[in-house]
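Biologist: I'm new to this one. Could you show me how to read it, step by step?

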Amino acid sequence: MIKRYCSLLLVSVFLWAYAGLLSAGALDDAVRRGVLKVGTTPNYVPFEMLDKQGRIVGFEIDLLRAMSRALGVELELIAVPYTDLVPGLMAKKFDLIGSGMTVTQERNLKLNFSDSFIVVGQTVLLHPRLAGIVSSIEELDDASYRVVTIQGTTGEAAAQRFLGAAQLGTVTTPEDGVRQVVEGKFDAFIHDAPYNLIAMSRPQNSALLTLEQPFTFEPLAFGLKKGDYDSLNWINHFLNQIAQDGSYDRLHDKWFRDTAWMAEIE
C-alpha cells in the first residue's frame with residue numbers, strides 16, 4: 001500500500017512539473033536559454049530599420065534592448081518579411097513580435113498583445129500634381145486616383161476601407177511606396193504618420209505634399225502567442241516601469257525629437 005502511494009505521488013509530482021513546463025511562457029523560455037528572440041521587419045522608420053553598418057536600430061529596438069536587460073538576457077533580432085511575422089511566431093521561430101505591429105481585432109484573434117507603447121495613425125503623401133485639388137482623405141476616394149500602400153499592413157486595410165472607389169496597389173517596402181509617388185506612377189501613398197513625416201524630410205522626396213492629419217487611430221504593441229499571460233503581465237509591468245522612471249521619455253525624444261540618428265541610416 002505504501003509503495004503504491006509513493007508511486008502515485010511520484011507520478012503526480014512528475015505530471016505537475018511537466019504541466020508547468022508546458023505552460024511556461026515565452027519570457028520563461030528566454031530566461032532559461034539566456035536569449036530573447038524577437039521577430040521584426042526592419043523597414044519601419046524610426047521603429048526598426050538598418051543603419052549604414054547593417055545593424056537593426058530604432059525606437060522599438062531600443063525598447064526591446066531595455067526589456068532584455070531587465071530580463072537579464074541577450075537580445076536576438078530575427079529579420080523576416082512583415083507577412084511572415086505571425087506564421088513565424090506560431091512556428092516558434094521567435095518568442096515575440098516587435099515590429100511596429102498595430103493592434104487590430106483581426107490580429108487579436110490570432111495573437112495576444114501587450115499594452116500599447118505608442119499610438120500612431122495613417123497619413124497620406126501626395127504627388128505635387130494634386131496641389132489644391134486633394135486636401136482630405138475623402139477627396140482621394142475617386143476612380144481617377146491611384147493609391148499605393150504596403151502589403152499586409154494596416155495602411156492597406158485603411159485604404160480598402162476609406163478608398164473603395166480609388167485604384168489601389170501594393171508594394172512590399174515603404175521606400176518603394178514613396179518612390180512610386182515621386183516618380184508619378186501613383187498619386188498617393190498611405191502609411192504610418194512617423195514614417196511619412198521622416199520620408200518628407202529627405203531631399204529626394206521634398207516635392208511631395210502631405211495630408212498631415214492622421215485619419216486612423218492605431219496603437220502599436222508587442223505580439224505574443226495566445227494564452228501567454230505570464231509574459232504579457234511581465235511586459236506590461238516593464239512598460240509601466242519605464243514610463244514612470246523616465247526611460248521611455250528619453251528613448252522617445254532620441255528617436256522622435258532629435259534627428260542626429262538620421263545621418264547613420266541608409
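Modeller: Let's start with pairing: two strands pair if DSSP finds at least two bridges between them. Helices (H or I, at least four residues) and strands (E, at least two) are DSSP runs, numbered from the N terminus. In this case, strand 8 and strand 11 are antiparallel and share five bridges. Within strand 11, Ile190 sits opposite Val124.

Biologist: What am I looking at overall?

Modeller: A predicted model, where local features need pLDDT of at least 70 and side-chain atom pairs count only at pLDDT 80 or more, while totals for chains, interfaces and linings use all residues. Residues are numbered from 1 along each chain as its sequence is written, and side-chain values use heavy atoms, with hydrogens and water left out. The protein chain has ten helices and 14 strands. Its C-alpha atoms fill a box of roughly 90 × 40 × 30 Å along the principal axes. Of its 266 residues, 47% are buried (under 20% relative accessible area with a 1.4 Å probe, protein chains only; exposed is over 50%, partly exposed in between).

Biologist: Back to the strands: in what order do the five strands of the open sheet come?

Modeller: Strands of a sheet pair through backbone hydrogen bonds, either parallel or antiparallel. Here the order is 10-9-11-8-12, with mixed pairing. Strand 10 (167-171) and strand 12 (209-211) are the edges, each pairing on one side only. From one strand to the next, the twist averages 30 degrees (axes are lines fitted to C-alpha atoms, for helices over the stretch in contact, and angles run from 0 to 180 degrees between N-to-C directions). Strand 9 (residues 146-150) runs parallel to strand 11 (residues 188-192), joined by two bridges, and Val148 stands opposite Phe189 of strand 11.

Biologist: Which strands does helix 6 touch?

Modeller: Contact means heavy atoms within 4.5 Å. Helix 6 (residues 154-162) packs on the sheet and touches strand 8 (122-126), strand 9, strand 10 and strand 11, with its direction at about 150 degrees to that of strand 9. Helix 7 (residues 174-182) lies across strand 8, strand 9, strand 10 and strand 11, at about 155 degrees to strand 11. Five of the five residues of strand 11 are buried, so that strand is largely enclosed by the rest of the structure.

Biologist: How do helix 3 and helix 9 cross?

Modeller: Two packed helices are described by the angle and the distance between their axes. The axes of helix 3 (residues 59-71) and helix 9 (residues 229-245) come within 11 Å and cross at roughly 110 degrees. The two helices are therefore roughly perpendicular (65 to 115 degrees; under 35 is roughly parallel, over 145 roughly antiparallel, the rest oblique). Leu63, Ala66, Met67, Ala70 and Leu71 of helix 3 meet Trp234, Ile235, Phe238 and Ile242 of helix 9.

Biologist: And which residues are buried in helix 2?

Modeller: In helix 2 (residues 26-33), they are Ala26, Leu27 and Ala30. These fall within an arc of 95 degrees seen down the axis, so they line one face of helix 2 (the arc is that of the directions from the helix axis to the C-beta atoms). They pack against strand 1 (35-40), helix 3, strand 5 (96-97), strand 14 (223-225) and helix 9.
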